[in-house]
Amino acid sequence: MNLTTSHLIALLPLLIVSATIIVVMLGVAWQRHHFLSATLTVVGLNAALVSLLATLTVTPIQVTPLLAFDNYSVLFMALALIAALACTTLAHAYLEGFDDRREEYYMLLLCSVLGAMTLVASRHLTALFIGLELMSVPLYGMAAYAYRNRVSLEAGLKYMVLSAAASAFLLFGMALLYAEAGTLEFAGLGQSLNQGGHDLWLLTGIGMMVIALGFKLSLVPFHLWTPDVYEGAPAPMSAFLATVSKLAVFALLIRLFETAPVTDNGVLHVIIAVIAFASMIVGNLLALRQNNIKRLLGYSSIAHLGYLLTALVASNELAVETVGVYMVTYVLTTLGAFGVVALVSSPYGGADAADMSHYRGLFWRRPYLAAVMTVMMLSLAGIPLTAGFIGKFYAIAVGVQSGLWWLVAGIVVGSAIGLYYYLRVMVGLYLHEGDETRRDATDDWGQRSGGVVVLLLAIAVLVLGIYPQPMIALIDAATMTIG
């Protein structure tokens, strides 16, 4: 296949991120300078984000049998780049006080973003595997970045070992699919499924892929690594793991299932529905007992991805739009919550400030951060006038439209349980403590770009909760071209 100018324009975001990795690497080799490395990373990510406008002029387009660029992939690439920009900004403030700082962090982040962008544009199992590994392998290093801290090192090792097991499932599943279907293209797999006659091995292969992707998404019962890794990884890295990796894998999963409609099969349909229900209930119940806010957010993310899985089970005309809306609200809210944790923990001085007691009376010391955290907790709980309410409304609507009443009941019950622990965090923020009346926000975090980022995220969560129509229209236009 000959590459044309249109193909190069479509590949431009990937090429820019790749070039940024090389530039940052050469910069580190020439002279270690934290601010310069962070600035080059931000410039590269912004350039890739702007280049998506050029990509839109040539979409939909297939570039080699591996990648397809359409409005759907552009939407999720933009989300991944925005989340990466926020994580870079938060990490800069966090790492300034880090004793053993290494600028290689920014290279790892860029490599992982490149993998996420490859993943959302995949239409071939080879591209899926390359993208998934390119995204996942740098995360091991990012989770163990504070390797002198035993918990961080343990998080990196645990994630590496379990992720390797998931990769083995994925490869075995892909091998079974190829053996039966004779193709690795999503469309070819879809045709084989529709023809029937080879259901057992094809469905076994897809089932093994679901296990691997379920691990990446932290769905029950593949979730056990999640709270430990979220707790052990430094806060900006946890934010990246909770947003970029999740949105890329879910976007890939939706494309795979829309192209090869496996949910038409009754057995897999029931299995995925049970995983969704269990994730909602188990994630919320385990979050109830947490006194560590990073572990709480980890269990909370399990429940939210369970809500989102309802759209995959439904597979109706509203499903793809629901995934887009829910993912936008989830990414903004999770980034904001982890952003506050990163700023409260900055400058780095050992373990992160993740215990609930660290946030007791935060309003009287850092009122803006307390206000931002309040907005994020309200949004995660799905309270009206926040973006989280819009996402949860869509999740319930898609369940009702498909008659999935027990999954709708799971969302309602899970949300009721979640309300308790989100409120518990909020109440702690405003409890007055006599020896903590100093308001240091304007002299400390307010001067940092990370403070501006979490403030913008809080404003976005409120604006999208009050006036979501532009976001819905944008996502509706983007998700109509999936295929």
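**Close-up 1. Helix α11 (residues 266-288) in the predicted model.** At 1.5 Å a residue, the 23 residues of α11 should span 33 Å. The end C-alpha atoms of α11 are 34 Å apart, which agrees with that expectation. Buried positions in α11 include Leu268, Ile272, Ala273, Ile275 and Ala276. Ser279, Met280, Ile281, Gly283, Asn284 and Ala287 are buried as well.

**Close-up 2. Helices α14 (residues 367-381) and α15 (residues 387-401).** The two axes come within 7 Å and cross at roughly 10°. Angles under 35 degrees count as roughly parallel, and α14 and α15 are therefore roughly parallel to each other. On the α14 side, Ser379, Leu380 and Ala381 make the contact. Ala387, Gly388, Phe389 and Lys392 make it from α15. By class, the residues of this contact divide into 4 nonpolar, 2 polar and 1 charged.

**Close-up 3. Phe76 in the largest nonpolar core.** This core holds 176 residues. Phe69 and Phe76 touch the most other members. Neighbours within four places in sequence aside, Phe76 is in contact with Val120, Leu247 and Ala251, among others. Val323, Gly324 and Met327 also belong to the contacts of Phe76.

Close-up 4. Is His92 buried or exposed? The relative accessibility of His92 is 15%. Buried means under 20%, so His92 counts as buried. With neighbours within four places in sequence left aside, His92 is in contact with His34, Phe35, Ala38 and Tyr106.

Key. Residues are numbered from 1 along each chain as its sequence is written. This is a predicted model: local features need pLDDT of at least 70, side-chain atom pairs count only at pLDDT 80 or more; totals for chains, interfaces and linings use all residues. Side-chain values use heavy atoms; hydrogens and water are left out. Axes are lines fitted to C-alpha atoms, for helices over the stretch in contact, and angles run from 0 to 180 degrees between N-to-C directions. Helices (H or I, at least four residues) and strands (E, at least two) are DSSP runs, numbered from the N terminus. Angles under 35 degrees count as roughly parallel, over 145 as roughly antiparallel, 65 to 115 as roughly perpendicular and the rest as oblique. Contact means heavy atoms within 4.5 Å. Ala, Val, Leu, Ile, Met, Phe, Trp, Tyr, Cys and Pro count as nonpolar, Asp, Glu, Lys and Arg as charged, and the others, Gly among them, as polar. The expected span of a helix is 1.5 Å times one less than its number of residues. Buried means under 20% relative accessible area, exposed over 50%, partly exposed in between (1.4 Å probe, protein chains only). A nonpolar core is a set of buried Ala, Val, Leu, Ile, Met, Phe, Trp, Tyr and Cys residues joined through side-chain atoms within 4.5 Å.
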